[in-house]
Amino acid sequence: MFKGLRLKATLAVAGAVVLFSFAPAQANLIVNGDFTTPVPFNSTGGGWTNFNNDGAGGWRSSGGSFDEHFILNQAGQAGTDPTIQQLVTGLVIGTGYVITGDVESFASGFGNPAALSFGVEIGSMLTEFTRNQVSPGNGLGSFSVNFIANATSMLLALTGERNGDDSSYRIDNISLVRAQQPGPGIPEPASLAIFALGLAGLGCAVRKRRRSA
Ligand SMILES: [Ca+2]
Ligand SMILES: [Ca+2]
Ligand SMILES: [Ca+2]
């Protein structure tokens with residue numbers, strides 16, 4: 001009996017390994033998302049275009065929690081925001097994607113941690129975050145934005161100091177990948193639950209019929 005149990009457990013583990021190994025690794029569509037290649041100041045290079053940064057902003061070889069990264073800073077200018085952007089190509093229209101990145105507050109004495117000062121814009125879809133959300137306690141944090149592609153090429157723009165606030169950010173490890181979808185033939189948890197409910201209902205119906213017979 002114990003042998004049978006052990007065999008069942010082994011088969012279950014093997015099954016899980018097979019399922020996970022079928023999940024394909026999603027390719028990052030961002031060029032130089034880890035900023036290993038330098039990005040020239042307020043110019044285009046290393047996959048990115050950046051503008052509205054002051055001398056305290058721009059590409060850095062190290063600093064804070066990061067190795068090579070980028071600082072969004074413009075001394076709190078009200079009318080403009082420090083920006084870095086990249087045209088993402090190879091998107092499939094109607095497909096879901098997720099944008100993620102690491103964020104850390106830079107010069108945390110400036111700005112309001114509760115203001116919407118960090119922006120992630122893909123095409124015309126803008127998501128704004130507060131410093132409290134992306135860099136809790138001014139420490140190392142992250143952001144995540146989901147979207148559905150409405151064009152094969154879309155402009156991704158990351159901005160700091162939004163809405164007149166002076167909060168500035170170090171950013172690194174920017175990624176844009178296809179959102180994970182359940183593989184073919186693997187039922188979603190929701191449909192499994194509906195199936196289980198259906199079975200239970202069938203059981204009740206059979207029992208009722210037996211009782212009334
Ligand atoms: Ca880096
Ligand atoms: Ca600004
Ligand atoms: Ca600033």
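Predicted model: local features only at pLDDT ≥ 70, side-chain atom pairs only at ≥ 80, totals over all residues.
Me: Which residues coordinate the calcium ion (ligand 2)?

Reply: A metal site is read from its donor atoms. Here the calcium ion (ligand 2) is coordinated by the O atoms of Q77, T80 and E161 together with OD of D81, at 2.3 to 2.5 Å. Along the sequence, these donor residues follow the spacing Q-x2-T-D-x79-E.

Me: Which atoms coordinate the calcium ion (ligand 3)?

Reply: The donors are OD1 of N73, OE of E161, both O and OD of D166, and OG of S168, at 2.2 to 2.6 Å. Their residues are spaced N-x87-E-x4-D-x1-S in sequence. D166 and S168 are both buried.

Me: How many residues form the largest nonpolar core, and which have the most contacts inside it?

Reply: A core is read as a set of joined, buried nonpolar residues. The largest one has 28 residues, and F118, F143 and I171 have the most contacts inside it. At least two residues come from each of several strands, including β4 (69-72), β7 (116-122) and β11 (168-178). β11 gives the most, with four residues.

Me: What is I171 in contact with, leaving aside its neighbours within four places in sequence?

Reply: Its partners include F35, F66, F70, L72, I84, V103, F118 and L158, and also H69 and D102.

How values were computed:
Residues numbered from 1 in each chain as written. Chains lettered and ligands numbered in written order. Heavy atoms only, no water. Donors = N, O, S within 2.8 Å, 3.2 Å for Na, K, Ca; no water. Buried < 20%, exposed > 50% of the residue type's maximum accessible area, 1.4 Å probe, protein only. Core = buried A, V, L, I, M, F, W, Y, C linked by side-chain atoms within 4.5 Å. Contact = heavy atoms within 4.5 Å.
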